Amino acid sequence: MIDTDKYEGHAEGEWVIEMNDTGDECAIHAQDYGTIAQTFYRDCDKLFLATTNLMADAPLLLAEVKRLREQNKLMVDYFRFMRDGGFTDADWITVNEWIGDEEE
């Protein structure tokens, strides 16, 4: 599991990519911090662009990991509540149908 605590204090906001004219160098800029990383490659290829995009999306990926962990925690708590409450299989079906109706 990834220890997300080690990322506390990272440069906040959107990170954007600026590519040079020859396509072999990119700078990644944080909104209120300036240039935080540069990538250099011999050729502007798929690996170069994918790696640079991955780096620039780091804040979004971190936020998604945290969101999914919180969602997972809520689901675990919910299922424990249902189990401890003595819900039957029919109760589970009713609740799942209700959840499905709410999502539409």
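Modeller: A helix, as the word is used here, is a DSSP run of H or I at least four residues long, and helices are numbered from the N terminus. Please also keep in mind throughout that the model is predicted.

Colleague: Which helix gives the largest share of the lining of the largest pocket?

Modeller: Helix 2, which covers residues 58-84, provides that share with five residues. The residues that line this pocket are Ile2, Thr4, Tyr7, His10, Trp15, Ala58, Pro59, Leu61, Leu62 and Val65, and the space within the pocket comes to about 190 Å³.

Colleague: How many residues of the lining of the largest pocket are nonpolar, polar and charged?

Modeller: Sorted by class, eight of the lining residues are nonpolar and two are polar, while no charged residue takes part.

Colleague: Turning to the strands, how many bridges join strand 1 to strand 2, and how many residues lie between the strands in their hairpin?

Modeller: Strands count as paired once DSSP finds at least two bridges between them, and here strand 1 and strand 2 run antiparallel with five bridges joining them. Glu18 stands opposite Ala27 of strand 2, and the hairpin that the two strands form has five residues between them, with Gly23 taking a positive phi near 80°.

Colleague: How many bridges join strand 2 to strand 3?

Modeller: Six bridges join strand 2, residues 25-30, to strand 3, residues 34-40, and this pair is again antiparallel. His29 has Thr35 of strand 3 opposite it, Ala30 likewise faces Gly34, and three residues lie between the two strands in their hairpin.

Colleague: Why is strand 2 described as largely enclosed by the rest of the structure?

Modeller: A residue is called buried when its relative accessible area is under 20%. Strand 2 is largely enclosed by the rest of the structure because five of its six residues are buried.

Colleague: Is Thr39 buried or exposed, and which side chain makes a polar contact with the side chain of Thr39?

Modeller: Thr39, a residue of strand 3, has a relative accessible area of 4%, and it is therefore buried. Its side chain makes a polar contact of 3.0 Å with the side chain of Thr52, a residue of helix 1, residues 46-56. Thr52 has a relative accessible area of 1%, so Thr52 is buried as well. Leaving out residues up to four places away in sequence, Thr52 touches Ile17, Cys26, Ile28 and Thr39, whereas the residues touched by Thr39 on that basis are Asp24, Glu25, Cys26, Phe48, Thr52 and Met55.

Colleague: Where is Asp24 found, and with which side chains does the side chain of Asp24 make a polar contact?

Modeller: Asp24 is found in the loop that runs between strand 1, residues 15-19, and strand 2. The side chain of Asp24 makes a polar contact of 2.6 Å with that of Thr22 and another of 3.0 Å with that of Asn20.

Colleague: Which residues does Asp24 touch, not counting residues up to four places away in sequence?

Modeller: With those residues left out, Asp24 touches Thr39, Phe40, Tyr41, Arg42 and Phe48. As a separate reading of distance, the C-alpha atoms of Asp24 and Asp45 are separated by 8.7 Å, although these two residues are 21 residues apart along the chain.

Methods
Residues are numbered from 1 along each chain as its sequence is written. This is a predicted model: local features need pLDDT of at least 70, side-chain atom pairs count only at pLDDT 80 or more; totals for chains, interfaces and linings use all residues. Side-chain values use heavy atoms; hydrogens and water are left out. On a 1 Å grid over the protein atoms alone, a cavity is a set of points where a 1.4 Å probe fits but cannot get out, and a pocket is an open set with protein on both sides within 12 Å along at least five of seven lines; lining residues have an atom within 4 Å of a point. Grid points are joined across faces, edges and corners, and a volume is the space filled by probe spheres set on the points. Ala, Val, Leu, Ile, Met, Phe, Trp, Tyr, Cys and Pro count as nonpolar, Asp, Glu, Lys and Arg as charged, and the others, Gly among them, as polar. Buried means under 20% relative accessible area, exposed over 50%, partly exposed in between (1.4 Å probe, protein chains only). Contact means heavy atoms within 4.5 Å. A polar contact is a pair of N or O atoms within 3.5 Å; within protein, one must be able to donate a hydrogen and the other to accept it, and residues adjacent in sequence count only if both atoms are side-chain atoms.
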